[in-house]
Each structure stands twice: as structure tokens, then as C-alpha cells.
Amino acid sequence: MDRETRKGQRAQGTRKIAKTLVYSFFLSVLTLCPLPFAFCHDAVCAETWPGVDESVVEKFAREHGRESREPLINTDQGDLLLFAFLLAGTAGGFAAGYFWRMLLEGKTKAQGSGKEKKK
Amino acid sequence: MKIPFLITALLLFASPAHAMHISEGILPLPWAVAWYALAIPFVAMGIRQVNRMSRRDLSFKPLAGLMAAVVFIISCMPVPVPIAGTCSHPCGTGMAAILLGPFVSSLIAAIALLFQALFLSHGGLSTWGANVFSMGVVGSIAGYFTFKGLRAMGVPLAPAAFFAGLQADWATYLVTSVELASGIRGSEPFLPLLEKILLAFVPTQLPLGILEGAMTAGMVMLLYRKRPDILVTMGVMDAGEVKANG
């Protein structure tokens, strides 16, 4: 086995390890982050896991006599906010996937035209 | 394979907001106007640059679209931080600034924040300028210059992107604290209040900054593997370096 082949194999091994690390990172984020929610009641969680907007921004503002106002379009009513976030997540996810595909298609087209030119 | 996985992860986290944007009505009017005045020139520069770059390069539009979607989703994605017992979100502006430059990244953040303020009760219209300035402008500039500085010192792509994401996140929260402290302090001295707010952010934002760094490095490396030519076109790396790395 020559030096170049060994070098290539080592690089491939490193790439595999990096891939595994990335996958395990996303898996751990996916599984561990929502874990605490699974063990507590909704009402308790609402108090236990406040956003920093409540626990820091609004808390300090309140202490200094500033209260937050109702937004112009108040979607924070019942399940309406859940619907709005789900819609936003779906639209954002779709757009991300669509543009990613466009980027990859651009590559395929560029490679295709390169091959045609060679012929 | 990684992209559907990432998108699934992002979608799973999209739930009602527990975030850091300054809510509607928190800042007094003069401060709100001042932050608008500071943010708008950067957004205008972003519009100019989008027009110029989309004429120059065909792959710019899909990349800008991808970044806009990613910044929109992750800047309203509440991530629970177990050590702090609170939730907050990454910003995504470091990633966008590396790939598209700080002005386009500011514009993207401004659009994302406008939609969030209008339809997701997340941030506010009166505080839009302040939120754009902290997340869009300062986050982008911090991420961009950290990345460029580290690359100039010969740091490899992934660690440079990691620290750019980290800096973008922490700089955003530093400026949010400055905006909040200056807006609400009244007659109280500024620095002690700023210190208090910063310390309150630390337990949540310290780990979240690391998460943001990892996400930024992941996205940049993914593009490097799939479309290194785009990184060359956008000035993220040299053509020679791509060739040398195979």
C-alpha cells in the first residue's frame, strides 16, 4: 500500500468520525433538550421554563416601571400562537429545503454543462 | 441526508416563543427612535448589496433565500437550557454574515424580526429597531469580523465559523443588555444595571452561544462539502485553498 492510498484512507476515516460526531450532536440536541418537558405537567413547565424575555427583559423592565404592551396583531391567544408558530416553522422549513435544492441543482447543472463542453 | 435531519430538528423546536427579543412597549419612545435610526442605514446598505450581488451571481439568490429561512426559523426557536432552567434562542446572524456579508445579514434579520413582531407576538414593532440593531447589525458584524480575523490568522474553516457563531450570539446579548439598561434605567446609574442584566443573561446565553457556534460551523462545513464554489464566489475562502484540500 503506497503512501498516497494510506493518506486517503486516513482522511476518509477522519471524515467518517466527523460525520458521526455531527449526527450524534444533532441527535443529542433533539433528544435531550425536550426531555425535561416530558416529565412535567404543562402548567408547571410554563413556570419552570420561562424564556429570557420573561425572566430577564420583562423582569428588569417591570422593576424599573416599564411594562410590555400587547402586540399590534395579538396572536398570543389560546392555541392561535401555536398555530402561527407551526405555520411559520412549516413555511420556513419548506423555504429552506427549496432553496437548498436550488443550490444543489445549480451544482448539477454546472457539472452537466462542464461535461457537455468536454465532449 | 443532513439537511432533512436539520430541518426536522428545526421544525420540532418551532413552538410558542420564549425568547430574548425586547417586547413591545418596553423601551421609551426616544430610545426606540434612536435604535431605529441606528439600524436603518445598515438595512438600506443590505438592500443595495442584495440588488448588486444578485445581478452578479446566480447562486446568490438561493443562498440568500436559504439563509433568510434559516435565520427566521432559528431566531424564533426556543431552546431549553437545563442548567439555567430557562429558554432562549440562537440568532443565526453569524452564519448569514459569514456567507453573505454583514449588510445582507442585517437585512435578513430585519425581515425575520418584522414577521416575528407582526405575526408571532415575538419582539415588537416599537422595539424593532433595537432588536434589528442588536441581532441583525451587531450580531452580523461581530460574526463577520471574528471569522475574517481568525481566517487571516490561518485558523481552519470549521473552528473559525464556530467562534464567529459564538461571538455573534454573545455580542447580540451584550447589546440587548445595553439597549435595555439604557432604556429603563431612569435615574439609576447605567453600569451597575448593565452588569446586573448581563449576569442574568449569562446562564442561558453561555451554553446557547456554544450551540450557535456548532450550528454555524456545521452549516459552513456542509456548504464547503456540497458547494465549495459558492464559498469561493462569496469570498469565504480562496479557490486555491479549495483545490489544495481536494
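**View 1. Two helices, α2(B) and α5(B), sit roughly perpendicular to each other (65 to 115 degrees counts as that).** This is a predicted model, where local features need pLDDT of at least 70 and side-chain atom pairs count only at pLDDT 80 or more, while totals for chains, interfaces and linings use all residues. Residues are numbered from 1 along each chain as its sequence is written, with chains lettered from A and ligands numbered from 1 in the order in which they are written. Helix α2 covers residues 29-56 of chain B and helix α5 covers residues 102-119 of chain B; they pack at about 110°, axes 7 Å apart. Axes here are lines fitted to C-alpha atoms over the stretch in contact, and angles run from 0 to 180 degrees between N-to-C directions.

**View 2. Here's who touches whom between α2(B) and α5(B).** From α2(B) come B:Phe42, B:Val43, B:Met45, B:Gly46, B:Ile47, B:Gln49 and B:Val50, and from α5(B) come B:Phe103, B:Val104, B:Ser106, B:Leu107 and B:Ala110 (contact means C-beta atoms, placed from the backbone, within 7 Å). Nine of these residues are nonpolar, three polar and none charged (Ala, Val, Leu, Ile, Met, Phe, Trp, Tyr, Cys and Pro count as nonpolar, Asp, Glu, Lys and Arg as charged, the others, Gly among them, as polar).

**View 3. Stepping back, chain B has ten helices and two strands.** These are DSSP runs, numbered from the N terminus: H or I of at least four residues for helices, E of at least two for strands. From the N terminus on, the order is α-α-α-β-β-α-α-α-α-α-α-α. The C-alpha trace of chain B spans about 60 × 40 × 35 Å along its principal axes.

Conventions: Parallel < 35°, antiparallel > 145°, perpendicular 65-115°, else oblique. Contact = placed C-beta atoms within 7 Å.
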